[in-house]
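The following paragraphs walk through the model chain by chain. Please keep the sequence and the coordinates open alongside the text.

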There are 4 protein chains.
Amino acid sequence: MSGMWGDNLKLSIFGESHGKAIGIVIDGLPGGITLDTEYIYKEMQRRAPGKNKLSTPRKEKDQFEILSGYFNNKTTGTPLCAVIYNTNQRSKDYEKTKSIIRPGHADYTGYIKYKGFNDYRGGGHFSGRITAPLVFAGAIAKQILEKKDIIIGSHIKSIGEINENSFDAVNIEGGFLKEIISKDFPVMDDEKGIKMKNRILKAKEDMDSVGGIIETAIVNVPAGVGSPFFDSVESKLAQLLFSIPAVKGVEFGAGFDITRMKGSESNDEFFIEKDDIKTYTNYNGGVLGGISNGMPILFRTALKATPSIGKLQRTIDIQKRKNTEIKVEGRHDPCIVPRAVPVVEAVAAIVLLDFLIEKDGIPWMI
Amino acid sequence: MSGMWGDNLKLSIFGESHGKAIGIVIDGLPGGITLDTEYIYKEMQRRAPGKNKLSTPRKEKDQFEILSGYFNNKTTGTPLCAVIYNTNQRSKDYEKTKSIIRPGHADYTGYIKYKGFNDYRGGGHFSGRITAPLVFAGAIAKQILEKKDIIIGSHIKSIGEINENSFDAVNIEGGFLKEIISKDFPVMDDEKGIKMKNRILKAKEDMDSVGGIIETAIVNVPAGVGSPFFDSVESKLAQLLFSIPAVKGVEFGAGFDITRMKGSESNDEFFIEKDDIKTYTNYNGGVLGGISNGMPILFRTALKATPSIGKLQRTIDIQKRKNTEIKVEGRHDPCIVPRAVPVVEAVAAIVLLDFLIEKDGIPWMI
Amino acid sequence: MSGMWGDNLKLSIFGESHGKAIGIVIDGLPGGITLDTEYIYKEMQRRAPGKNKLSTPRKEKDQFEILSGYFNNKTTGTPLCAVIYNTNQRSKDYEKTKSIIRPGHADYTGYIKYKGFNDYRGGGHFSGRITAPLVFAGAIAKQILEKKDIIIGSHIKSIGEINENSFDAVNIEGGFLKEIISKDFPVMDDEKGIKMKNRILKAKEDMDSVGGIIETAIVNVPAGVGSPFFDSVESKLAQLLFSIPAVKGVEFGAGFDITRMKGSESNDEFFIEKDDIKTYTNYNGGVLGGISNGMPILFRTALKATPSIGKLQRTIDIQKRKNTEIKVEGRHDPCIVPRAVPVVEAVAAIVLLDFLIEKDGIPWMI
Amino acid sequence: MSGMWGDNLKLSIFGESHGKAIGIVIDGLPGGITLDTEYIYKEMQRRAPGKNKLSTPRKEKDQFEILSGYFNNKTTGTPLCAVIYNTNQRSKDYEKTKSIIRPGHADYTGYIKYKGFNDYRGGGHFSGRITAPLVFAGAIAKQILEKKDIIIGSHIKSIGEINENSFDAVNIEGGFLKEIISKDFPVMDDEKGIKMKNRILKAKEDMDSVGGIIETAIVNVPAGVGSPFFDSVESKLAQLLFSIPAVKGVEFGAGFDITRMKGSESNDEFFIEKDDIKTYTNYNGGVLGGISNGMPILFRTALKATPSIGKLQRTIDIQKRKNTEIKVEGRHDPCIVPRAVPVVEAVAAIVLLDFLIEKDGIPWMI
């Protein structure tokens, strides 16, 4: 099993990097929502490859076609299916080396799980390309959340060792987030951004790659979203964040740093002002006991360096069952972090919408 | 929703810290498994409070009673329900301050979500006490996994700023893990362990608390366990790990540190030796593309300091809707990390068993 | 898998007829509902054995104990667990014949599925006794539904060949339903009821048993409940109705008779009167395209004769693998239909509440 | 919610009768299965319209295109998506009367549920056309089941009042079933078949329609498939059978007739012969306690007459909220029963495969 998710908003994803199409079915949207397709297109462009020299030269317009669930410019309330046809495949790049396992990729694990029958071209179903349909769904969720003024935005917190400040956990606002995500390279400090970009270009030059951290904030989430235990805000967000290829760590609020704090520090003290209940600090990232407390929800997602690199690496030939070497040819990103930003936001939007449907039902969405 | 989980092995948890009982229903075990109740009891004792001065003086024997699904010393194959009766409650401690929100706890978020009707005594359903039934289920899962030689073990990687080395990601073995977890205070370096314990006692003395990191290894997991995307090994583990109260971060393999590595470093290169396929390094923590690769599965879980502290804190009275102060009375742990170790292992065992049932069916379990 | 169900209201059932206890966990109720325990008790008494000579002389008070999720006389919003301890077991009745398969029961299929490890005493987990927790949950659902004036009631449509009229599919009302279900033997025509009871007593005298049909109506369900396809009103109701032991058929509206009607007959024509949209007839049982149309929801459930009979039957000894004979000793019902009435209503109430939570969220329940 | 189903084999359906395409995602198939596309095509042709004068003249080739999950003529193990493009739409037929509710259809209930935003053309997502993807999935399931010699077949038991004998519940064999389903009009008694066809043509001539009953057998299912309660064989089959538009009743074995039998009659007595355990009779339809007993699984599905009829009917105009009349124009089937036969078999195959994966895992499928 791999491709279905959700309780109140259900997703079913499908597709391979070099197959006919990739896509998604979304079930649980009410009838009557007019989609801002321009908004969706923009979100998908944030993820799309081939925009600049920081990313893979594979050009995919990532143009979606809605096959069902949308009629007279409104959702129908029945399952919405969207597909993105693959257009710019160079499958031959992969034929030559199909039994040579690419280190860091899912070539070996996919081969074992599927007994060698998985589509090996460009990673097949394991490709980051399968996140495009998630961005499609996320763009729908994001516009719906904006009806409740809920805004999701991220910045690139680090590329390799280059690091910028964190969001202001207490005072971050939606307008500021929107400003950040409108940037080509979403950072708060553009000078740091230049250094990060240079770090990526350096990796490219070295036929190597580099990782980084994305920090995300969700503002204006009312208190009371989520549940204790299995459906905690952290649990459901983490499940989807770790579904994104290359993610190796997720932390909320102060995250791993909170372990070095005393309770008297990490307990975010409450106060009431007029009728608003807030906390002075926000080391818990807006979530207590698995449930939102009304403060900004904050989390960081750690992504490893793209496994595809031009450098010579030791590996195995899985068919011949012997040791060998590989230089990964083909077109690839020296750093996946910038393109992963809208994916992280998309899954956050999806999870949040799922929670809000449980809390408030569906009528508010229309 | 909060309390049901699972695909192939399903759990349903219930209970409040100061109610009549807490418990769990486990569905999906085959008939014919003899449970080693001594093993279960030991696991539960690892979590139980009141063992020493590092933990809360509330004494709960945590003796479970199996109500169903177990007959003539074997599982029946139908749902197994176990309950643990609460015996040593001092509910009055909580009556006095029931409308005073304890910072860092779920008092406020629970109040909002449940409109003030949740059981506030000792955190109610949000209490760490509800993890006892998870340890019960985990102890069953652990013994079943041992039939495939799969061993799960953890050490306390850090308490506050006191930190010991990480597990050897490549060479860690089951025997070593068992040795570690047999310790009262599971660390590799016992001198570091003493420092950690002193750090906890210092926090207690200060009427404060402290957090820490648990590092866990799972060895002998065959390659091919897990799925891409929503049911990746990381996704399902993270969902349950973040269900544990106080967890604020989860990372696999090199985790957040991997973001500072180049692809040529973090790509674990493969080799074949006799018929074994392995990697030279294990920065990916035994998981590629969401699927196990046969190397040890490694992850770290970040826990915050116990929110219950005797120090004076600013907070609100939720009924009177005004600012106030609180010193949290009652019995509490100055550090939850040692007692959380078996909980982390339990949820890992549960997730892994769920995956193995999907992969291999149920007959091997008996 | 057998024991967990639900989307918006989740159930987890457990227990065996002669084990320590049977019970249920209910997840998804909001906090703040005061349960009318008298109402629950009455519903459970409708199902309880030993009330009169029509049913088994096994006396079980079926007194439930709520272990969690209920505090200060209100639901907490977290999982509610209720157990019913088994008190009046005569397990020895079953020891003697444990390897002799009782025809019509699940002895053989349970033995095969669970490799002989299932609890064979009194049918174990297959016992009709496990429906008691469903009646508990149904009694909660029923009282909540009454807040929307939704009333569920049934009559015994037939016992063996004795048959009474069907409900008036168009004009049936809640008050009439309540009157019917307040009867000890719920029929519309009490003279027919006497004949039915005599039919049951005749079966008892013959050391045989007899089946029957229960017809159920649900009134005041608003139009728009349910979904097309997998979550149609009929699909979800049928899934739970067929979960009740002994059920062999389920039909909605005119059911099997509709197959002999022409479209011009079975198409329930619509009309509008003031602002109410109704149909002149109701052969579709209040459901079109899987969704309620505002007319009474009507269905019939077919139950076979109790398999436990004192007559000599041919069967096998599963251990010795040879042919043998059996007279089923022990206490049993000559007809399960009267006791199944509240079970049928209970699962209908549960399904309907699950649907209404999807449609309207949870706030209306409190 | 409407379109996702399954535990071990998951389905996600989408599409509208007059939209761009209809389709399905199937998740849970292992990698390495070569699909017999000719077999699939034949099954889909059994359901396809426009074949003869018994069905609607709308011609749809129902040619499927596999978009994902299939590579080098084998399943990959990752989600398989197939779409069927709609080609022969005459949407204008529906424009004229879009606010006139067709009696017996989901026009009214869909309008209420989706606030008037559902696609009204040809029933939209409620159309029987959406069963084409189910037949696609069922054809895959059927071929896989044949690896275990499990054969599913149906005959038309009745059309209106014309009725043929039932299958021999004890001795029915796979070869016989295959023979029946290879017929254009699957009946055992072809003379009865001619009468049934005439009954359909008479309905057509009268601008009316007629219903009927489909009886289905599944042979060679091993004992031990299914579970007690919520996942009983009857429960899961019934859920999917009632998902098929027009189904109003489902019964297993003797079904409603069993209610008139005594226990001494309906208890299928067991015997052992060589090493085979069987029952002399099969009134329980191969299922006891929700679990298969190795005898043929037998059930009957009741379908109402097609709601679309050319006769004048009373109804309402939902926009103008006033009474009116309608003659349903457009192309429609005078009887849906013959085209529903492969749909009933398809959902049975899907449910059975889901159960077998739980029982035996996935390796046997390849």
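**Strand pairing, a sheet and a two-fold relation**

E251(A) has R300(A) as its bridge partner in strand 16 of chain A. The model is a predicted one, in which local features need pLDDT of at least 70 and side-chain atom pairs count only at pLDDT 80 or more, while totals for chains, interfaces and linings use all residues. Residues are numbered from 1 along each chain as its sequence is written, and chains are lettered from A and ligands numbered from 1 in the order in which they are written.

Strand 11 (residues 247–252) of chain A and strand 16 (residues 297–303) of chain A run antiparallel and are joined by five bridges. Strands here are DSSP runs of E with at least two residues, helices are runs of H or I with at least four, and both are numbered from the N terminus; two strands pair if DSSP finds at least two bridges between them. Strand 11 of chain A is also joined to strand 11 (residues 247–252) of chain B, antiparallel, by three bridges. There, E251(A) stands opposite G249(B). Six of the six residues in strand 11 of chain A are buried, a residue being buried if 20 or more other C-beta atoms lie within 10 Å of its own, exposed if 12 or fewer, and partly exposed in between, with C-beta atoms placed from the backbone.

Chain C contains an open sheet of five strands in the order 1-2-3-7-4, with antiparallel pairing. Strand 1 (4–5) and strand 4 (64–68) of chain C each have a single partner strand, so one side of each has no neighbour in the sheet. Strand 1 of chain C pairs with strand 2 (residues 10–15) of chain C over two bridges, in the antiparallel sense; W5(C) has L11(C) as its bridge partner in strand 2 of chain C.

Elsewhere in chain C, E265(C) belongs to helix 8 (residues 263–266). E265(C) counts as partly exposed because it has 18 C-beta neighbours inside 10 Å. From C-alpha to C-alpha, E265(C) and M196(C) are 32 Å apart in space, and they are 69 residues apart in sequence.

The last topic is the relation between copies. Two copies of a chain are related by a rotation about an axis and a shift along it.
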